Amino acid sequence: RQAAAESFKEANQIGTQLLGEKHLIMSLFSGRHATVLSNLGKTNEAMTMLEAALENVGSIQGENFILVGNLAHTLGGIASSVGDFPTAENSFRRAVQVYTKHLEVNESELYLKQYRQSILRLSVALTMQGKYRKAVTALGPLVDRYGKELENYPEITQRYAFLLLHPEKPELTNNDFAVRNILRDPVSAFHGAIKYAKAVKLMREKNNRPLVTNA
């Protein structure tokens with residue numbers, strides 16, 4: 001990692017001389033360089049680098065340029081790793097906005113994967129701030145998009161179901177809870193989570209009824 005950081009530093013110096021510090025390739029380098037710095041524990045330097053790259057790319061190409069989404073997603077991940085969840089929330093929202101725009105014209109699997117991951121990470125950032133209902137709402141576009149195919153995406157389904165089940169009790173969604181209630185019987189827990197998520201969504205949307213306590 002240290003060797004990688006030194007190489008990126010050298011690449012930055014050469015690239016700046018050849019292309020100028022505002023060139024898009026330099027901002028692309030910044031995203032990768034920042035990841036290495038973060039892995040070395042230099043998170044403040046990494047986040048500052050990413051913020052500068054985002055400002056540069058956004059000013060040149062506009063907020064919906066794909067590199068804005070990629071850099072914002074990276075910034076969100078680093079911010080989450082140090083517990084800066086407000087920054088993570090804003091960054092993942094920015095990434096989701098970019099990927100949503102690109103999916104309107106190109107539903108490639110790459111964009112879909114980036115879109116899913118940004119929404120999931122946004123939901124986590126909201127949960128960690130105690131914004132449980134907003135965390136549920138954030139997952140809504142994924143539930144709507146995949147519908148009957150949701151069973152193929154357990155990471156979405158389980159988070160959605162258990163946020164609905166325990167929106168005010170985050171301690172029930174921690175690792176101990178997962179070990180006791182999910183890993184003990186993963187198949188039953190998985191399918192139960194799917195049924196629960198769909199049932200609650202139907203109840204709220206079609207019948208405008210609140211969630212029954214013992215549902």
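**Entry 1**

I began with Glu107, which is exposed at a relative accessible area of 52% (exposed means over 50%, buried under 20%, partly exposed in between, with a 1.4 Å probe and protein chains only). I was working on a predicted model, where local features need pLDDT of at least 70, side-chain atom pairs count only at pLDDT 80 or more, and totals for chains, interfaces and linings use all residues. Residues are numbered from 1 along each chain as its sequence is written, and side-chain values use heavy atoms, with hydrogens and water left out.

I found Glu107 in a salt bridge with Arg145, at 3.3 Å from N to O (the term needs a side-chain nitrogen of Lys or Arg within 4 Å of a carboxyl oxygen of Asp or Glu). Glu107 sits in the loop between α5 and α6 and Arg145 in helix α7, so this pair ties together parts 38 residues apart in sequence. Helices here are DSSP runs of H or I with at least four residues, numbered from the N terminus. Arg145 is partly exposed, at 33%.

I searched the whole structure and got five salt bridges. Two of the partners of interest meet at Glu89: Arg93, with closest N and O atoms 3.2 Å apart, and Lys131, at 3.0 Å. The Lys131 pair links distant parts of the chain, with Lys131 in the loop between α6 (109–128) and α7 (132–146) and Glu89 in helix α5, 42 residues away. Arg93 and Glu89 are four residues apart in α5, so about one helical turn separates them. I noted Glu89 as buried at 9%, while Arg93 is partly exposed at 39% and Lys131 likewise at 27%.

**Entry 1: His102**

Next I looked at His102, in helix α5 (residues 85–103). His102 is buried, at 18% relative accessible area. Its side chain reaches the backbone oxygen of Asn64 at 2.8 Å, a polar contact (N or O atoms within 3.5 Å, one able to donate a hydrogen and the other to accept it; residues adjacent in sequence count only if both atoms are side-chain atoms). Leaving aside neighbours within four places in sequence, I listed Asn64, Phe65, Ile66 and Tyr111 as contacts of His102 (heavy atoms within 4.5 Å).

**Entry 2: helix α3**

I checked the length of α3 (residues 43–61): its 19 residues should span 27 Å at 1.5 Å a residue, and the end C-alpha atoms are 26 Å apart, which agrees (the expected span is 1.5 Å times one less than the number of residues). The buried residues of α3, among them Met47, Leu50 and Leu54, pack against α2 (24–39), α4 (66–81) and α5. Gly62 follows α3 with a positive phi near 95°.

Notes: Helices (H or I, at least four residues) and strands (E, at least two) are DSSP runs, numbered from the N terminus.
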